[in-house]
Amino acid sequence: MSIAPGWYVDPADPDTRRYWDGEGWIGAPIPVDATPPAGPPPEEPPAPPAPAATPSSPAAPQPAPASARPYPVSPTTGPGQPHPGQPHPGQPYPGQPYPGYGPPPGWQAGAWPVRPPEPRPHGLPLAGYGARLVARLIDFAIVFALNAVVNGWFVWRLARELEPTFAEWWRRVEARETTTDPLPEPGQQADSLLIVILLIAAALWLAYEVPSMASGGQTLGKRLLGIRAVPIAADEPLGFGRALRRWNTLGLPTLLWPCFCLGFALQLLDALSPLFDHPLRQALHDKRAQTVVVQDRRTPRTTPKDRSEPPGDTP
């Protein structure tokens with residue numbers, strides 16, 4: 001993005017204006033409501049020579065004039081070395097979004113002229129959507145197997161209750177009948193059995209996921225894929241309350257499946273939501289519990305606790 005030279009509001013200090021020469025800010029700032037000169041600011045006068053030092057009166061150090069460019073090179077600092085009191089090249093000044101004296105004019109204060117780097121919560125990279133999807137499918141397969149064992153008898157009873165209705169519907173399809181006569185009603189216990197099946201399914205899912213997420217942030221699927229959920233505030237276990245809030249958003253809609261598949265639609269929306277959330281890729285259940293899913297790269301237990309590097313510096 002090329003910006004024409006001129007006087008612009010300084011993004012680092014919106015109460016002042018500075019001159020942008022096409023590559024960087026030059027000259028001293030002026031009040032934002034002052035009328036700027038027609039051209040670039042005048043050059044600053046050179047600093048007065050320091051008085052000669054005498055044995056009885058050593059020369060006092062004189063302040064250096066303000067630099068027109070970041071990271072000036074002095075006789076004591078070679079190219080690429082920071083001036084005393086200045087950040088190292090490549091590091092932003094305090095309050096600046098990127099190295100220099102502020103972003104070019106036209107960029108909002110605090111905005112990045114390019115896509116900002118991906119966040120690393122607690123020093124850990126975010127988990128990819130593919131890994132999260134595969135982990136969730138593994139968990140669904142495990143919960144389905146549990147339901148086949150615990151819920152199998154109730155599902156068989158429900159199928160017997162629905163058999164007359166389904167058999168008549170299939171007979172009309174094969175005979176290509178166009179009659180408007182209603183289909184036979186399901187058995188009297190069909191509704192009760194359906195409610196029992198959904199309650200058991202939700203309970204099995206809750207018992208499988210919430211305790212393991214509360215203690216370690218991982219279900220079996222997440223452990224196999226090397227990812228885990230952590231709170232945004234700190235790298236620590238979720239705890240039962242946060243794990244339960246996280247599951248409620250995704251698991252409770254199971255009870256709404258008979259309502260024109262409303263429950264399934266809500267769960268599908270939740271499952272796809274990380275694709276549209278930036279920058280933390282949070283699903284709706286993550287936002288409810290204030291969690292984020294990261295790659296599990298914890299240091300081994302043999303690492304001394306008093307290591308010199310702060311947590312998160314080593315990926």
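## The loop between α5 and α6

F260 is found in the loop between α5 (239-251) and α6; helices here are DSSP runs of H or I, at least four residues, numbered from the N terminus. The model is predicted: local features need pLDDT of at least 70, side-chain atom pairs count only at pLDDT 80 or more, and totals for chains, interfaces and linings use all residues. Residues are numbered from 1 along each chain as its sequence is written, and side-chain values use heavy atoms, with hydrogens and water left out.

Phi of F260 is near 55°, a positive value in a residue other than glycine. F260 counts as exposed, at 84% relative accessibility. Exposed means over 50% relative accessible area, buried under 20%, and partly exposed in between (1.4 Å probe, protein chains only).

## The loop between α6 and α7

P279 lies in the loop between α6 (262-272) and α7 (284-289). The peptide bond from H278 to P279 is cis, with omega near 5°. R281 is found in the loop between α6 and α7. R281 is not a glycine, yet has a positive phi of about 55°. Its relative accessible area is 25%, so R281 is partly exposed.

Most peptide bonds are trans, and most residues other than glycine have a negative phi.

## Helix α1

Helix α1 covers residues 129-150, 22 residues in total. At 1.5 Å a residue it should span 32 Å, and its end C-alpha atoms are 31 Å apart, which agrees. The expected span is 1.5 Å times one less than the number of residues.

R132, A135, R136, D139, V143 and N147 are buried in α1. They cover an arc of only 120° around the axis, so they sit on the same side of α1. The arc is that of the directions from the helix axis to the C-beta atoms. The face turned away from the buried side of α1 carries the exposed residues F144 and V149.

Note on methods. Helix = DSSP H or I, 4+ residues; strand = E, 2+ residues; numbered from the N terminus.
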